[in-house]
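Okay, thanks everyone, let me get the model up on the screen.

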Amino acid sequence: MIQRIQFKIQKFLTFLCLAQKTDFVNVVERPNFPEEEVRILKYWEQINAFHKQLELTKDCPRFTFYDGPPFATGLPHYGHMCAGTIKDIVCRYFAMNGRYVERRFGWDCHGLPVEHEIDKSLNIQHRGDILKMGIDKYNHECRSIVMRYASEWRRIIGRTGRWIDFDNDYKTLDTSFMESVWWVFKQMWDKGLIYRGCKVMPYSNGCSTVLSNFETQQNYKNVWDPAIVVTFPLINDEKTKFVAWTTTPWTLPSNLALAVHPDFDYVKLLDKASNTHYILAESRIVELYNDAKLYEVVQKFKGSELVGIEYVPLFNYFPERKEQGCYRVLAANFVTNDDGTGIVHCAPGFGDDDYKTCLKAGIITPSDPLVPIDSSGRFLESVKDFSGMQVKDADKEIRKALKNNGRLIKDGQVQHNYPYCWRSQTPLIYKAVNCWFIKVTAIKDKLVINNKKARWVPQSIQEGRFNNWLDDAQDWCFSRNRFWGNPIPIWVSDDFEEIVCIGSIEELRQLSGVDNITDLHREYIDHITIPSKQGKGVLRRIEEVFDCWFESGSMPFAQQHYPFERKELFEKIFPADFIAEGLDQTRGWFYTLNVIATALRDDTPYKNLIVNGIVLNEKGEKMSKSKKNYPDPEVEIINQFGADAMRLYLINSGLVKAQALNFSKDGVQDVIKNVFLPWYNAYRFLIQNVQRYESVIGKFEFDENTIIKGDNTMDKWIVSSSQTLVEFVRNEMEAYRLYTIVPRLISYLDTLTNWYVRLNRSRIKGDQGNQEWIVSLNVLFDVLLKITLLMSPYVPFITESFYQNLKKCIPQGKNNQDSIHFLQIPEVRKELIDPKIESQIEKMQIVVESARKLRETHKISLKQPVNSLTILATDEQLLQSVQFLSKYIEEEINTPSVLVEKNIEQYIQLKAEPDNKICGQELKDKFGPDLIQQIRNFTQEQIRTLKTDGKLQLKVKVKKEKKVEEQQVQQQPDPKVKKGKKNVEYIEIEMDCELLLKHVKITDQFNTEKHKQLLFATEEGFSIIVDPSQTQQLKNLGLAREFTNRIQKLRKRLGIQLEDKILIFYQFEAESELSNAIQSEIAWIKNQIKKPIFSSNYKHQFLDVIGKEDTDVDNHKFSILITKYSPVFNKQQLLQTYNEKEVDTIIRTLLVLPNLQQNIEFTLDGKKIILGPEHYTVSQ
């Protein structure tokens, strides 16, 4: 009856305890991070997390972020993901730091990327094909594909964890955006910064348009091109010929002049093989000959003497040009003598230097520089032999024609870097075109000044690459002869003398009288005319559209439809607090933003900028979709390892310092192994022990005040370290130095998991009493929550997953929200920072790591105890730290004794050797055999004095030369004296010498003769000695550790959880040193495994076996059996009182009895049975 009552009371208490347990999500042993991320994504969608964060922070001060617009004609790659991750981290951080961070996605909708796709799909070959099709139809096709991959972008970017507003995005094709671009342009027009001119510009035949200089820098390729030498006979002496070298044969039909450097030396030489005279630079004869016997120099003269000489043109296509002064030699300083022949053939329509030289000489005009090719790079009919041919395709035919005409004397090839169109992948040419320019040179000084107003990370890019680009900035050709773009709002008369620039739709309505203007693309406005105010009929819009870089550079204004809307808001939020893009944008978006912001507002467009490096494939090659030379971001990386792992891999690399990264799949996997799993295991360990606490004591609720109540050293250290980390992250994030923060966060995680948790496992498990239990759980909870919060901008998924479980123990309040991303980054509690204790633990860690390394070097397993560890040092703080924390060192090094020793002489001898290089440089003659020997013979006292004082005063013997007087010299030469040597003798003198510490290399040498059995290692500032000898007790403990290790490994393989109720049985094959050791250390083993353990004598036939293993330690064989929990019976003791049948019945009865107590009485077949602890054991 009593037992039944006790059972009911116990059952009720258990019910109450269980009723107070926290409903944690199951924390599995082996997490699947990608699956968990998908679950978190669904949760965010369910609570509308991003927009809720915006709502929660809407009344906070604004943090302005500009997102550089990508093209949606392709899918995101690692470069987008790297920049996107950096943007997401910074924006998340400031949103969690009391700021309202609007994050609008942007789309670059116009320009070559879109047109090129349509040209390919419709097989459009020439500009005429588009005009024949109709601009309206062509632009309709372009518009249809602009957002082709928008849904994929939204999905993939979302899958990477980035929070960005796709619903409130901006598009450069929106009329509101285009109108603001017009306004921006009108401001520059009114400031006199726009002009039209003829210049030689990079030109894409593949896209039929001019490109800006910075676009040219984006796509250089290493290619082979022709390298030929051709002749230009003199008019008055056709047997004498100028020779010129070129890599562009296709420009030769357009040749109008030859250029020589007026100051170079030129020669006229006779080619002996052909009996022909050639003229070229003297220094460049090697271009034609490698043997001086093949030619003879006839005459020498300066280049200036050649100026004005006329020559026979290569082709007779433009004879009328002769009357303009063409086909003669001009002087030009751009000519070089390090390659070619020192004579340059000039085709002013296809070379900037050629154009300027010919223009200066007056043989061309800006309106007619001779460009006999069409917009697609095909020769016109005037070049009759090659009419209709693509210029690069014509190279071969032109060389053949020159050879047939006897004008080609050398035909070779050269490998060099050549610019290609970044969109069509066709080689660029340089071509004289009439374009519209922004006068960047007029504001260059302001650009340089404004650049210094912003903070760049890294700063070296700002001061180097970008500043150099600004210093060399040229006027920006912003016009494009294309169709799908924002039309340049300039209306002109036929003679270009009356020009009107339009800055808004309303202005166009008023000047044209046309209403209902709702779209600004070419097909909607090209027909609109403006009446002339000068009697020139009507003004028509020029054909060109804006370079799409002009649009993206205008986005700070245009995304707000400034100044037509949100004018007051814009004035508050410009310049942006932050932007980020790749290194390639230094000559792209960063540049255009600066040009426009400086032109309009004389200011920087952003306050802070992070530049990321370029992501290459594993071999360091540029990633190529066609070559498939990199792992698919979504399929092979995110779906396999998770977006968090990819994010952390990217930002914990040189990318955040603008360095290149050779992307490695293994690198992403290492993030899982080295960062996430240890972190996850610490989190899992906390949850498991909170559950254990609740099963024993009751509901656990995190109490931040508890962390300061205890006096445990490790608690104080980890709390201090946590606060120091918070302070560091806050300071560094204000400086946008992600490259310092991420390694520090990862280092702290290592410290937390590999030091704090490991050294406090028994406390956290509750083995050191309830008070230590509750304090240690709160401390671990606090620091784990803080590092999870600090990491949340970097790895948003795993931190959200952890928080959703952790918050179940957090009281209602500011730290209990629907998402970790709704919380605020913790404030620093400086009163909890203890630099002294952090320094002490750091010293302890150094000692422990050194001792581990020493053990590993000598192949002594950490499971084997060693007799002692001695730290030798004169640093009092180090020794005090070791003594203060000796119990932790003992545990980590597996030794019962940690000693400190200041009297290092008994173990260590100091050894001095001269630093030959420094001594030779500074001591000169004093550094000789005597000083070397003295240093090597220094006493211990002398070396210590040198280390302490930094110097020693010595007397050294030095040999000096003494010249022998002339009259004393022997008349007969001494055969022993080498010829040419002076007759000298040497005298030895004693000199003072101040020997400095830097002159000497001092090393510690262990006294091996005196301490043969000890292991020794020297570290910076201290030395350690390990005594590896073992007493029998230490041997027993070592064997017990190995024995325990086998049990724990079997538990892990069987998937047994900490809370599972089990029994462990062991059986030795024979009595041995191991069996005796286990018997001696059984109490220690029980404390380690926290489960009941018995010899096999206590097994019974009704046990429910989970698993079994036969194993050994040092060849001592034994078996381990793990079963589900059951009372354990001492069958031998029972058989002393009862027979076999009775014992069997007793065991069966007790096994089914609920809530079995340790003492019991009952009747069996009329016989009174009395049982106690000597008969059976109830362990749980």
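Quick definition before we start: when I say two strands pair, I mean that DSSP finds at least two bridges between them. And keep in mind that this is a predicted model.

So, the sheet. We have four strands in an open sheet, in the order E30-E29-E36-E35, and the pairing is mixed. At the edges you find E30, residues 898-901, and E35, residues 1015-1019. Each of those has a single partner strand, so one side of each has no neighbour in the sheet. Going from one strand to the next, the twist averages 20°.

Now look at E29, residues 868-872, and E36, residues 1022-1027: they pair in the antiparallel sense, over five bridges. Within that pair, Ile 871 sits opposite Ile 1024 of E36.

What packs on the sheet, touching E29, E30 and E36? That's helix H30, residues 876-884, and its direction makes about 160° with that of E30. Then there's helix H29, residues 835-857, which lies across E29, E35 and E36 and runs at about 50° to E36.

A polar atom of its side chain lies 2.6 Å from the backbone oxygen of Leu 508. If you leave aside neighbours within four places in sequence, Ser 512 is in contact with Ile 528, Thr 529 and Ile 530.

That's what I had, over to you.

Technical notes
Residues are numbered from 1 along each chain as its sequence is written. This is a predicted model: local features need pLDDT of at least 70, side-chain atom pairs count only at pLDDT 80 or more; totals for chains, interfaces and linings use all residues. Side-chain values use heavy atoms; hydrogens and water are left out. A polar contact is a pair of N or O atoms within 3.5 Å; within protein, one must be able to donate a hydrogen and the other to accept it, and residues adjacent in sequence count only if both atoms are side-chain atoms. Contact means heavy atoms within 4.5 Å. Helices (H or I, at least four residues) and strands (E, at least two) are DSSP runs, numbered from the N terminus. Axes are lines fitted to C-alpha atoms, for helices over the stretch in contact, and angles run from 0 to 180 degrees between N-to-C directions.
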